[in-house]
Amino acid sequence: MHKPCSVCSVKVTSSLRKRRCSTCQCLIEQAANRGTSLVRTAIQASVAEVAIRESLLLSRRLYDTADLTLACHYSHIPLVFEKSLSHRGDYVSFDHAIPNDASRAVLCSRITNDIKGWMTDIEFRAFIVNIVEADARRRIHGLNYVETSEFLNALRSVMNKPGSPDKTNVSRLKALSSKIHYRKATNLIDVQPNHLDGQSS
Ligand SMILES: [Zn+2]
(Lines give C-alpha, C1' and ligand atoms only; values in the text may rest on other atoms or scores of the structure.)
Protein backbone atom coordinates (compact mmCIF):
# COMPACT_ATOMS: atom_id res chain seq x y z
CA MET A 1 0.00 0.00 0.00
CA HIS A 2 1.42 3.35 -1.01
CA LYS A 3 0.40 6.94 -0.76
CA PRO A 4 1.89 10.08 -2.33
CA CYS A 5 4.80 11.66 -0.48
CA SER A 6 3.65 14.59 1.65
CA VAL A 7 6.64 16.67 0.56
CA CYS A 8 7.11 16.17 -3.18
CA SER A 9 3.79 14.49 -4.13
CA VAL A 10 5.75 12.88 -6.97
CA LYS A 11 7.03 9.67 -5.46
CA VAL A 12 5.06 7.35 -3.17
CA THR A 13 5.83 6.27 0.36
CA SER A 14 7.07 2.74 1.02
CA SER A 15 4.27 2.06 3.50
CA LEU A 16 1.05 3.66 4.68
CA ARG A 17 2.67 4.53 7.97
CA LYS A 18 5.23 6.76 6.28
CA ARG A 19 4.61 10.33 5.26
CA ARG A 20 7.59 10.88 3.01
CA CYS A 21 9.13 9.06 0.05
CA SER A 22 12.64 7.68 0.51
CA THR A 23 14.27 10.56 -1.39
CA CYS A 24 12.58 13.29 0.65
CA GLN A 25 13.24 11.37 3.86
CA CYS A 26 16.96 11.19 3.03
CA LEU A 27 17.06 14.91 2.25
CA ILE A 28 15.32 15.78 5.54
CA GLU A 29 17.88 13.68 7.41
CA GLN A 30 20.69 15.37 5.51
CA ALA A 31 19.31 18.78 6.55
CA ALA A 32 19.33 17.75 10.20
CA ASN A 33 22.94 16.65 9.97
CA ARG A 34 25.29 19.21 11.50
CA GLY A 35 28.40 17.74 9.91
CA THR A 36 31.38 16.33 11.74
CA SER A 37 32.67 19.74 12.81
CA LEU A 38 29.28 20.81 14.21
CA VAL A 39 29.76 24.34 12.92
CA ARG A 40 26.60 24.17 10.84
CA THR A 41 23.18 24.93 12.22
CA ALA A 42 20.87 21.97 11.77
CA ILE A 43 17.87 22.65 9.54
CA GLN A 44 14.49 21.65 10.90
CA ALA A 45 12.30 19.28 8.92
CA SER A 46 9.63 21.95 8.29
CA VAL A 47 12.24 24.35 6.85
CA ALA A 48 13.83 21.58 4.78
CA GLU A 49 10.43 20.58 3.38
CA VAL A 50 9.82 24.14 2.15
CA ALA A 51 13.28 24.14 0.52
CA ILE A 52 12.57 20.85 -1.27
CA ARG A 53 9.19 22.07 -2.55
CA GLU A 54 10.70 25.36 -3.78
CA SER A 55 13.45 23.47 -5.59
CA LEU A 56 10.87 21.18 -7.18
CA LEU A 57 8.79 24.15 -8.35
CA LEU A 58 11.87 25.84 -9.79
CA SER A 59 12.79 22.71 -11.73
CA ARG A 60 9.22 22.35 -13.06
CA ARG A 61 9.37 25.91 -14.32
CA LEU A 62 12.80 25.42 -15.88
CA TYR A 63 12.57 21.88 -17.18
CA ASP A 64 8.88 21.24 -17.68
CA THR A 65 9.02 17.78 -16.16
CA ALA A 66 6.69 15.80 -13.91
CA ASP A 67 9.54 13.72 -12.42
CA LEU A 68 11.19 14.42 -9.13
CA THR A 69 13.84 16.87 -10.31
CA LEU A 70 15.46 19.34 -7.97
CA ALA A 71 17.06 22.50 -9.30
CA CYS A 72 19.90 24.47 -7.73
CA HIS A 73 18.61 27.75 -6.32
CA TYR A 74 21.65 29.64 -7.64
CA SER A 75 22.93 27.85 -10.76
CA HIS A 76 19.58 26.28 -11.81
CA ILE A 77 21.24 22.98 -12.72
CA PRO A 78 19.37 19.74 -12.06
CA LEU A 79 20.84 18.29 -8.88
CA VAL A 80 21.81 14.66 -8.39
CA PHE A 81 20.60 13.19 -5.11
CA GLU A 82 21.67 9.52 -5.21
CA LYS A 83 23.97 8.87 -2.26
CA SER A 84 26.50 7.19 -4.57
CA LEU A 85 26.99 10.55 -6.32
CA SER A 86 27.50 12.61 -3.17
CA HIS A 87 31.15 13.27 -4.06
CA ARG A 88 30.13 15.29 -7.10
CA GLY A 89 29.88 19.06 -7.41
CA ASP A 90 26.28 18.79 -8.68
CA TYR A 91 25.12 16.81 -5.62
CA VAL A 92 22.24 18.32 -3.66
CA SER A 93 22.99 20.27 -0.49
CA PHE A 94 21.11 22.59 1.85
CA ASP A 95 22.23 26.17 2.02
CA HIS A 96 21.28 28.59 4.75
CA ALA A 97 20.31 31.67 2.74
CA ILE A 98 21.73 33.59 5.70
CA PRO A 99 24.55 31.64 7.39
CA ASN A 100 23.48 30.03 10.64
CA ASP A 101 19.95 31.37 10.37
CA ALA A 102 18.00 28.13 10.48
CA SER A 103 14.65 29.65 9.55
CA ARG A 104 15.20 29.63 5.80
CA ALA A 105 17.09 27.24 3.55
CA VAL A 106 17.40 26.54 -0.16
CA LEU A 107 18.66 23.58 -2.12
CA CYS A 108 21.76 24.10 -4.18
CA SER A 109 24.70 22.18 -5.60
CA ARG A 110 27.67 21.31 -3.40
CA ILE A 111 29.93 23.50 -5.46
CA THR A 112 27.80 26.65 -5.32
CA ASN A 113 27.26 26.05 -1.61
CA ASP A 114 30.99 25.77 -1.22
CA ILE A 115 31.77 28.97 -3.13
CA LYS A 116 29.07 30.84 -1.20
CA GLY A 117 30.62 29.73 2.08
CA TRP A 118 29.62 32.09 4.87
CA MET A 119 28.15 34.77 2.64
CA THR A 120 24.47 35.73 2.76
CA ASP A 121 22.58 35.28 -0.51
CA ILE A 122 22.79 39.04 -1.15
CA GLU A 123 26.54 39.11 -0.52
CA PHE A 124 26.93 36.07 -2.75
CA ARG A 125 25.18 37.76 -5.67
CA ALA A 126 27.37 40.83 -5.30
CA PHE A 127 30.45 38.63 -4.99
CA ILE A 128 29.69 36.73 -8.21
CA VAL A 129 29.22 39.98 -10.14
CA ASN A 130 32.37 41.59 -8.74
CA ILE A 131 34.62 38.58 -8.92
CA VAL A 132 33.83 38.02 -12.57
CA GLU A 133 34.47 41.67 -13.35
CA ALA A 134 37.75 41.61 -11.44
CA ASP A 135 38.88 38.88 -13.84
CA ALA A 136 41.68 37.68 -11.59
CA ARG A 137 43.17 34.24 -12.09
CA ARG A 138 41.15 31.95 -9.90
CA ARG A 139 40.55 28.28 -9.71
CA ILE A 140 37.61 26.36 -8.43
CA HIS A 141 38.74 23.08 -6.93
CA GLY A 142 38.74 20.45 -9.68
CA LEU A 143 38.59 22.91 -12.57
CA ASN A 144 41.34 24.64 -14.49
CA TYR A 145 41.56 28.43 -14.91
CA VAL A 146 39.63 28.48 -18.19
CA GLU A 147 36.87 26.28 -16.80
CA THR A 148 36.71 28.35 -13.61
CA SER A 149 36.27 31.49 -15.64
CA GLU A 150 33.56 29.79 -17.76
CA PHE A 151 31.85 28.57 -14.61
CA LEU A 152 31.79 32.00 -12.96
CA ASN A 153 30.65 33.76 -16.13
CA ALA A 154 27.85 31.26 -16.68
CA LEU A 155 26.82 31.49 -13.02
CA ARG A 156 26.70 35.26 -13.23
CA SER A 157 24.49 35.14 -16.33
CA VAL A 158 22.09 32.69 -14.71
CA MET A 159 21.96 34.63 -11.43
CA ASN A 160 21.32 37.88 -13.28
CA LYS A 161 18.26 36.38 -14.97
CA PRO A 162 16.43 34.59 -12.17
CA GLY A 163 13.12 34.53 -14.02
CA SER A 164 14.07 33.13 -17.40
CA PRO A 165 15.68 29.82 -18.35
CA ASP A 166 19.17 30.15 -19.78
CA LYS A 167 19.73 26.70 -21.30
CA THR A 168 23.21 27.28 -22.69
CA ASN A 169 24.72 28.56 -19.46
CA VAL A 170 22.84 26.06 -17.30
CA SER A 171 24.09 23.10 -19.34
CA ARG A 172 27.64 24.44 -19.16
CA LEU A 173 27.29 24.79 -15.37
CA LYS A 174 25.88 21.28 -15.14
CA ALA A 175 28.78 19.81 -17.13
CA LEU A 176 31.40 21.63 -15.06
CA SER A 177 29.69 20.95 -11.72
CA SER A 178 29.43 17.22 -12.40
CA LYS A 179 33.11 17.16 -13.30
CA ILE A 180 34.09 18.39 -9.84
CA HIS A 181 34.80 15.47 -7.54
CA TYR A 182 35.26 15.81 -3.82
CA ARG A 183 37.66 13.37 -2.28
CA LYS A 184 35.46 12.40 0.60
CA ALA A 185 31.90 11.37 -0.10
CA THR A 186 30.22 13.08 2.82
CA ASN A 187 26.53 13.60 3.25
CA LEU A 188 26.73 17.29 3.23
CA ILE A 189 29.45 19.80 2.87
CA ASP A 190 31.27 20.48 6.03
CA VAL A 191 31.68 24.15 5.55
CA GLN A 192 34.93 25.00 3.92
CA PRO A 193 34.54 28.75 4.00
CA ASN A 194 35.72 29.40 0.51
CA HIS A 195 36.54 26.91 -2.13
CA LEU A 196 37.59 29.51 -4.57
CA ASP A 197 41.26 30.21 -4.40
CA GLY A 198 42.13 33.76 -5.29
CA GLN A 199 45.46 34.32 -6.91
CA SER A 200 46.84 37.46 -8.42
CA SER A 201 48.72 37.06 -11.63
ZN1 LIG B 1 9.06 12.91 -1.77
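Analyst: A crossing is called left-handed if the near helix is turned anticlockwise from the far one by less than a right angle, and right-handed if clockwise. In this predicted model, the crossing of H5 and H6 is left-handed. Helix H5 covers residues 145-160 and helix H6 covers residues 167-179; their axes come within 9 Å and cross at roughly 140 degrees. An angle has to be over 145 degrees to count as roughly antiparallel, so H5 is oblique to H6.

Next come the residues at the contact. H5 contributes Glu147, Glu150, Phe151, Ala154, Leu155, Ser157 and Val158. From H6 come Asn169, Val170, Arg172, Leu173 and Leu176. The contact of H5 with H6 is made up of seven nonpolar, two polar and three charged residues.

Helix H1 (residues 22-32) and helix H2 (residues 45-63) pack with their axes 9 Å apart, at an angle of about 125 degrees. H1 and H2 are therefore oblique to each other as well, but their crossing is right-handed. Here Cys24, Leu27, Ile28 and Ala31 of H1 meet Ala45, Ala48 and Ile52 of H2. This contact of H1 with H2 has seven nonpolar residues, no polar and no charged ones.

As for the setting, the protein chain has six helices and four strands. Their order from the N terminus is α-α-β-β-α-α-β-α-α-β. The chain has 201 residues, of which 36% count as buried.

How values were computed:
Residues are numbered from 1 along each chain as its sequence is written. This is a predicted model: local features need pLDDT of at least 70, side-chain atom pairs count only at pLDDT 80 or more; totals for chains, interfaces and linings use all residues. Axes are lines fitted to C-alpha atoms, for helices over the stretch in contact, and angles run from 0 to 180 degrees between N-to-C directions. Helices (H or I, at least four residues) and strands (E, at least two) are DSSP runs, numbered from the N terminus. Angles under 35 degrees count as roughly parallel, over 145 as roughly antiparallel, 65 to 115 as roughly perpendicular and the rest as oblique. Two residues are in contact if their C-beta atoms, placed from the backbone, lie within 7 Å. Ala, Val, Leu, Ile, Met, Phe, Trp, Tyr, Cys and Pro count as nonpolar, Asp, Glu, Lys and Arg as charged, and the others, Gly among them, as polar. A residue is buried if 20 or more other C-beta atoms lie within 10 Å of its own, exposed if 12 or fewer, and partly exposed in between; C-beta atoms are placed from the backbone.
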